[in-house]
Amino acid sequence: MADMGIVVKDLSFSWPSGEIAIQSCSLEVPQGEFWMLLGTNGSGKSTLLRLLAGLLAPQAGEIGVLQPVGFVFQNPDHQLVMPTVGADVAFGLVEEKLPTAVVRARVEEALGAVNLNALTLRPIYALSGGQKQRVAIAGAIARRCEVLLLDEPTALLDPDSQLDLVASVRRLVKSRGITALWVTHRLDELNYCDGAFLLEKGCLVDQGEPERLKQRLMEVHQEAS
Ligand SMILES: Nc1ncnc2c1ncn2[C@@H]1O[C@H](COP(=O)(O)OP(=O)(O)OP(=O)(O)O)[C@@H](O)[C@H]1O
Ligand SMILES: [Mg+2]
């Protein structure tokens with residue numbers, strides 16, 4: 001059996017109100033693969049991702065995620081905290097207390113991995129949405145993340161930057177053996193992944209081949225319209 005980057009067994013999570021968000025969910029993402037998480041609004045995608053990242057604690061079940069984990073939010077303005085590109089990527093390394101030369105080398109390498117070396121000194125406010133998402137991803141690469149969790153990272157991007165971003169995450173996954181789980185509503189992004197999960201009302205109802213899931217969801221969209 002392949003090594004797993006993410007393993008979830010019988011995971012359940014309810015909000016303090018008693019509302020069930022995740023119900024007996026089990027899934028596995030093999031190490032070095034790029035999987036997507038699909039589902040309608042409110043089906044529990046963001047909750048599941050936050051559980052995987054350790055931002056929420058489950059009431060039942062088991063979670064195994066290779067460490068360290070990187071998280072990329074839908075809105076990069078909620079994530080980027082420093083004034084410039086290079087400073088932001090370096091900021092994520094503060095906890096590791098590395099020598100300055102190592103920090104500099106890691107930042108340079110991570111920005112190179114997302115094609116942003118030329119923008120190291122650029123202020124964050126002067127970046128496009130797609131460039132901001134790349135800075136967030138560079139932060140995870142600099143920290144040597146084994147697992148990358150991305151919650152609708154293309155939601156605020158135009159179609160060209162959207163497909164650029166998904167293609168570059170695929171390249172990173174394949175060239176570095178990172179395991180990635182990407183939440184999306186956009187079916188055209190499914191062309192880039194190795195497999196996908198479908199959530200409905202907190203339950204995992206389908207998983208596997210991206211093409212088959214895409215067909216299934218297109219039929220649902222047609223019936224709805
Ligand atoms: N902080 C919270 N407190 C209480 N309930 C919440 C909280 N966040 C989300 N929920 C509820 O949990 C359920 C799952 O929400 P979640 O945000 O995980 O869905 P989602 O699949 O990410 O939806 P979307 O596609 O709109 O992002 C929803 O019913 C939502 O209202
Ligand atoms: Mg969400």
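The points below go through a predicted model of one protein chain with a ligand.

1. Overall make-up. The protein chain contains 6 helices and 9 strands. Its radius of gyration is 18 Å, close to the 17 Å that the globule rule gives for 225 residues, so the chain is as compact as a globular protein of that length. Along the principal axes, the C-alpha atoms fill a box of roughly 50 × 40 × 35 Å.

2. Of the 225 residues, 41% count as buried. Among contacts between residues at least 6 apart in sequence, 71% join residues at least 24 apart.

3. Annotation. The unreviewed UniProt entry places the feature "domain: ABC transporter" at residues 6–224. In the model, that span is 35% helix and 26% strand, and its end C-alpha atoms lie 33 Å apart.

4. Ligand 1. The residues surrounding ligand 1 are Trp15, Glu19, Ala21, Gly39, Asn41, Gly42, Ser43, Gly44, Lys45, Ser46 and Thr47. By class, this shell has 2 nonpolar, 7 polar and 2 charged residues. Helix α1 gives the most to the shell, with 3 residues.

5. Helix α1. This helix covers residues 45–52, and its buried residues are Lys45, Leu48, Leu49, Leu51 and Leu52. They cover an arc of only 160° around the axis, which puts them on the same side of α1. After the helix comes Gly54, with a positive phi near 80°.

6. Gly86. This residue is found in helix α2. Gly86 has 23 C-beta neighbours inside 10 Å and counts as buried, because the cut-off is 20 or more. Leaving aside residues up to four places away in sequence, Gly86 touches Val107, Thr120 and Leu121. Gly86 and Ala138 are 52 residues apart in sequence, and their C-alpha atoms are 9.6 Å apart in space.

7. Two exposed loop residues. His78 is found in the loop between β5 (69–72) and α2 (85–91), and is exposed, with 9 other C-beta atoms within 10 Å. From Ser128 to Leu157, 29 residues apart along the chain, the C-alpha separation is 8.8 Å.

8. Backbone points to check by eye. Most residues other than glycine have a negative phi, and most peptide bonds are trans. The bond joining Gln67 and Pro68 is cis, with omega about -5°. Pro68 is placed in the loop between β4 (60–65) and β5.

9. Ser24 is not a glycine, yet has a positive phi of about 40°. Ser24 is found in strand β2, residues 20–30, and with 14 C-beta neighbours inside 10 Å counts as partly exposed. Lys97 is another residue other than glycine with a positive phi, near 50°. Lys97 is found in the loop between α2 and α3, and counts as exposed, with 7 C-beta neighbours inside 10 Å.

Methods:
Residues are numbered from 1 along each chain as its sequence is written. Chains are lettered from A and ligands numbered from 1 in the order in which they are written. This is a predicted model: local features need pLDDT of at least 70, side-chain atom pairs count only at pLDDT 80 or more; totals for chains, interfaces and linings use all residues. A residue is buried if 20 or more other C-beta atoms lie within 10 Å of its own, exposed if 12 or fewer, and partly exposed in between; C-beta atoms are placed from the backbone. Helices (H or I, at least four residues) and strands (E, at least two) are DSSP runs, numbered from the N terminus. The arc is that of the directions from the helix axis to the C-beta atoms. The radius of gyration is taken over C-alpha atoms; the globule rule is 2.2 Å times the number of residues to the power 0.38. Two residues are in contact if their C-beta atoms, placed from the backbone, lie within 7 Å. A residue is near a molecule or strand if its C-beta atom, placed from the backbone, lies within 6 Å of it. Ala, Val, Leu, Ile, Met, Phe, Trp, Tyr, Cys and Pro count as nonpolar, Asp, Glu, Lys and Arg as charged, and the others, Gly among them, as polar. UniProt positions are given in the numbering used here, feature names are shortened, and annotations may be inferred rather than shown by experiment.
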